[in-house]
Amino acid sequence: ETFVSAVASLLFDQDQMKGIITMKRIALIATLVSVSATPAFAHAGHGIASGFLHPFLGWDHLIAMLAVGAWGAILGNRAIWAVPAAFVSAMILGGAFGMAGIEVPFVETIILASVLVLAALAMARVKLPVWSGMAIVGLFALAHGYAHGSEIPEGANAWVLGAGFVAATSLIHALGALSALAVMRMKAVRT
């Protein structure tokens, strides 16, 4: 069993969770996010590599992006691409708001909430209409994008940094979706 399948199994396997999200799992995720969500560390750098690496270096982004992809796969059909696409689109819009200097309150709180809510939706396999999933992830993505747009280092090319960030975000969404599909396939084989 690979590391990815072990983590995916822990997060998404109904047999291990017995159909509920335990307070221990929520507390673990909240602790990891609050301890590691440091804007100064996560937002350093100027080039495409910095933009690409950022989502992998911050637990808040990594967990949220994996959860978006996984939840899209869990919702099924066109949600597997529509939910992550809504996230990326809204994240770009939020980035533009941040670069424009538009003030948005409670951004870090919304980002923390996004990690908890998106992970909970994926772990509990909550089924909603695709448009609802797109709206939920889009709201959270605005905050993620705003945080990045407002903290682009002086002298950095926002388009280059953003291109790396968008590529990495899309890749992590795909990894989340593939992990969820693998767990669902393993569960189907067992039954």
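Start with helix α7: as you look along it, α7 passes α10 in a right-handed crossing. Keep in mind that you are looking at a predicted model.

Now select residues 79-99 for α7 and residues 158-190 for α10. Their axes lie 10 Å apart, and the packing angle is about 155°. An angle over 145° counts as roughly antiparallel, so that is how α7 runs relative to α10.

Next, show the side chains where these two helices meet. On the α7 side, pick I80, P84, F87, V88, M91, I92 and M99. Across from them, α10 brings A158, F165, V166, T169, S170, H173, A177 and L181. Colour this contact by class and you'll get twelve nonpolar residues, three polar ones and no charged ones.

Time to head for the largest nonpolar core, which has 31 residues. Select V68, W71, V83, F87, L118, A122 and V137: these have the most contacts inside the core. Which elements give two or more residues to it? They are α6 (59-75), α7, α8 (107-123), α9 (130-150) and α10. The top contributor is α6, with eleven residues.

Zoom in on V68. Leaving aside residues up to four places away in sequence, V68 touches V83, P84, F87, L118, V137 and H173.

For a last stop, select V107, A143, Y146 and A147. These are among the five residues of another core, which lies apart from the largest one. As a general note, nonpolar side chains tend to be buried together in soluble globular proteins.

Conventions
Residues numbered from 1 in each chain as written. Predicted model: local features only at pLDDT ≥ 70, side-chain atom pairs only at ≥ 80, totals over all residues. Heavy atoms only, no water. Axes fitted to C-alpha atoms, helices over the stretch in contact; angles between N-to-C directions. Helix = DSSP H or I, 4+ residues; strand = E, 2+ residues; numbered from the N terminus. Parallel < 35°, antiparallel > 145°, perpendicular 65-115°, else oblique. Left-handed = near helix turned anticlockwise from the far one by under 90°. Contact = heavy atoms within 4.5 Å. Nonpolar A, V, L, I, M, F, W, Y, C, P; charged D, E, K, R; others polar. Core = buried A, V, L, I, M, F, W, Y, C linked by side-chain atoms within 4.5 Å. Buried < 20%, exposed > 50% of the residue type's maximum accessible area, 1.4 Å probe, protein only.
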